[in-house]
Amino acid sequence: MTQSADRPRIRLKPKANARGLRHGFPWVYANDIVTDRRTRKIPAGALAVLEDDKRAPIALVAVNPESKIMCRVLDRDIDAQLDAVWFETRLQRALEMRESLFDAPYYRLIHAEADGFPGVIIDRFGEACVIQPNAAWAEAHLDVLTAALIKVTGVTTVLKNASGRTRGLEGLDDTNQTLHGTAPDAPLPVPMNGATYMADLTGGQKTGLFYDQRPNHAFAARLVHPGAQVLDVFSHVGGFGLAMLAGGAEQALSVDGSAAALALAASGAEASGFSDKFQTRQGDAFDVLTQLGEEGAQFDVVICDPPAFAPSRQALDAGLRAYERIARLAAALVKPGGYLGLCSCSHAADLGRFRDASSRGIGRAGRQAQLIHTGFAGADHPQLPQLAESGYLKAVFYRL
């Protein structure tokens, strides 16, 4: 008897997009599924066979009746077994690509659906990895995933980060854990773009550091000249500011609402040898930008990398207004001939809408602009072509 014969069946409604699923779309929404008492009783994280409306099998899926994304495609082979070999094979494939791209083990190792692990994020920090199992199936298979991760990478520490709204939508807990080894008792140094960043793996945001902006940090560093004054707003642990100092800037001011993040940024500046060139200012970004304008401050390069202002379609209009306002306030602080970089991690705001909002804000500040570069997440954050949400990060750079 095959493995699939023992698994429950999930059937699509006649009007559901079975063709899209066969061509690579990885999600099945609850309103596309024929649901009855049997399907609603399938435990969260259990495996099932997805069928079209004519009962032809499509894929092996993970089920969560509590989530709007009721099924996540795991494998085209409906008889696949999620054993150690299954996890090790996919992890090895992901590792090979990262090792070909980076000369040191600091990167996003698993980027969810694009690496064949729906809802799973794994960031690597040398001998430590942080897993975000943001889907019920991953939580249910966390032990075998952890064991496979240790075997494939050889890391000595594996942590579970349970923060973020996605786990709540999946009905999962928010409890962090040490899954293997010993959690670091201090932030870890991470080398990137000629600077050193401090990653707090146990108390920082998400996994401790955002690797996705690495190529955009590098581009911003190319914009500075000796003597350049730069401003990094929503700086977190110093992302753009430290990279621009490494690129030759004379002075960097990092602005963030989090005192803990700014302390990590200052530690990174010290570790990089930039302490005398690095300043911080804690406060609401909109308020600080307004204050800097009133002070008559001017910078050669200004970067704004806010959190997601439009985390959902319902928040899109308000989010676009916020992006426009940020652009207006920031543009006023850029010296003539200087540069402005604006970023968005809101998947609901596509590139066109985000760029238009940014350009409107610059115009409202009375500035003329040239759009010189558009950046995205680095190659360790691959996109699944069929899933627009996997291409969430956009960065637009202007010369004013």
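A residue is called buried when its relative accessible area is under 20%, exposed when that area is over 50%, and partly exposed in between (1.4 Å probe, protein chains only). By this rule, 54% of the 400 residues of the chain count as buried. The structure is a predicted model, in which local features need pLDDT of at least 70 and side-chain atom pairs count only at pLDDT 80 or more, while totals for chains, interfaces and linings use all residues. Residues are numbered from 1 along each chain as its sequence is written, and side-chain values use heavy atoms, with hydrogens and water left out.

Turning to the overall fold, the chain holds twelve helices and 19 strands, taken as DSSP runs (helices: H or I, at least four residues; strands: E, at least two) and numbered from the N terminus. Its C-alpha atoms fill a box of roughly 75 × 45 × 35 Å along the principal axes. Where contacts (heavy atoms within 4.5 Å) link residues at least 6 apart in sequence, 64% of them join residues at least 24 apart.

What lies inside? In soluble globular proteins, nonpolar side chains tend to be buried together. A nonpolar core here is a set of buried Ala, Val, Leu, Ile, Met, Phe, Trp, Tyr and Cys residues joined through side-chain atoms within 4.5 Å. The largest one has 39 residues, and L209 and M244 make the most contacts inside it. Helix α8 (residues 239-246) gives the most to this core, with five residues. Leaving aside residues up to four places away in sequence, L209 touches D123, F125, V190, M192, Y197, A199 and V237. A second, separate core has 37 residues, among them F286, V302, A310 and L342.
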